[in-house]
Amino acid sequence: MTTQAMDLAPKEEHAALEEADLQQRFDARIDAGDFIEAKDWMPEHYRKTLVRQISQHAHSEIVGMLPEGHWITRAPTLKRKAILLAKVQDEGGHGLYLYAAAETLGTSRDQMTAALLSGQAKYSSIFNYPTLSWADVGTIGWLVDGAAIMNQVPLTRCSYAPYARAMVRVCREESFHQRQGFESLLTMMQQGTAAQREMVQDAVNRWWWPSLMMFGPPDAESPHSAQSMRWGIKRISNDALRQKFIDACVEQAAVLGVSLPDPALKWNAERGAHDFGAIDWSEFQRVVAGDGPCNRERLAARNTAWEDGAWVRDAAMAHARKRENLAPKMPATSPPRGGASDLGRPGVERQEAA
Amino acid sequence: MNPSNEWPLWEVFVRAKAGLDHKHCGSLHAPDAQAAVQLARDVYTRRQEGTSVWVVRSNQIVASDPGDKAMLFDPMEDKVYRHPTFYVLPLAVDHL
């Protein structure tokens, strides 16, 4: 078709042609393994999928602060308390990196927060389980953060660059989370009393199956998986990641001296992987649908935090506006100070800090 | 939620150590510049990642349009003479 013919085409048709062209270019970039940046053209479905996935991921980090936060005041030693505080603070930071990545897609932070608080948005169902003993904190580090790392490492190569960059940062920090958990459990298993070892085993028994569910439904029943793979949002399938996690955990459990609560767990030399028992997906569906042990408690805690913090957010904004209005206005004739060329010069920062 | 009360967005730049450039590392919401610096320190330098922080309101950043990428940057493609490797010199002086 000639340019002239395109100009003569009705407006909608023109737009449709352009869209098809843009789509084609987008697909080619995905196929070439290119990264997509925030301001690049992208199909609406790609954008929606990312907003859903990244915001759910962010909500999971924020809600994930609650089960462990529960133990900060009860940590057995000052060392463990400092570690736990640092870890929970990290989760808050991870939530922030992820919200920021989702915001680049045109959804505001308040919109995402509202979706979480109303129960409309989902978060990882693992955080709807309670932390009943101190050993749960170590077990979350070992199994829950371990599963999260398995899931997250491939996301550092996600086609959407702001998400990939956020995940690089998250993964760098997450490794400390898993190691501190394992070390905490190992200390109890090797230097603890019989009661403490029993406590560790009980925690592992309770967290094992929910951890396996963190990888999502089996590939055959995961409707979004194929499209996400096609778009380079997802790189490795749910089942492949789950198998990798199980194989790694068997070895780690042996070092720890705990058993994993699955009688069917057995090395299969032919597959070069462990066989394992059936996962109770009805439990997963029930917890996702809102009927887990702590769904209501978690959501209530987030709502209370949001409402209790409202006056602080409003007061900070009011203060900032007042200060802005009081600040002496620069005379229009004054030369611009500190342009881009000045940014690297020593003194500029000190001047601004004064 | 009242959208006008959402804290504005800031971009954060961190200098990893003396002698290096400030590098963009992410963004955050803060009510004013002072709080933005404080929050940037809390969020982006928890493991000694920085010795200095810049923050700037996101809406103050002017960026090139991705649609202009070809127009802006492709013309440099055929200017190989701007690179030192373009010039073949005798071995004796090739360290130039």
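Start on chain B: select Val80(B), Tyr81(B), Phe86(B), Tyr87(B), Leu89(B), Val93(B) and Leu96(B), which make a nonpolar surface patch of about 690 Å². Patch members have over 30% relative accessible area and no salt bridge, with nonpolar side chains joined within 5 Å. This is a predicted model, where local features need pLDDT of at least 70 and side-chain atom pairs count only at pLDDT 80 or more. Residues are numbered from 1 along each chain, and side-chain values use heavy atoms.

Click Val80(B). It sits in the segment after α2 (69-73) of chain B. Val80(B) is partly exposed at 44% relative accessible area (buried is under 20%, exposed over 50%, partly exposed in between, 1.4 Å probe, protein chains only).

Now the aromatic pairs. Select Tyr46(A) and Trp231(A): they pair edge-to-face, 5.4 Å centre to centre, with 85 degrees between the planes. Tyr46(A) is in helix α3 (residues 44-63) and Trp231(A) in the loop between α10 (225-230) and α11 (238-256), 185 residues apart. Tyr46(A) is buried at 0% relative accessibility; Trp231(A) is buried at 6%.

Next, select Trp142(A) and Phe182(A). This pair is edge-to-face, at 5.9 Å and 75 degrees. Both residues are buried.

Finish at Arg313(A). Its charged end sits over the ring of Trp306(A), 3.5 Å from the centre (CZ of Arg within 6 Å of the ring centre and within 35 degrees of the ring normal).

Key. Chains lettered and ligands numbered in written order. Patch = residues over 30% accessible without salt bridge, like charges linked within 9 Å, V, L, I, M, F, W, Y side chains within 5 Å. Areas by Shrake-Rupley, 256 points an atom, 1.4 Å probe, with all protein chains shown as cover. Salt bridge = Lys/Arg side-chain N within 4 Å of Asp/Glu carboxyl O. Helix = DSSP H or I, 4+ residues; strand = E, 2+ residues; numbered from the N terminus. Phe/Tyr/Trp six-rings, centres within 6.5 Å; stacked < 30°, edge-to-face > 60°.
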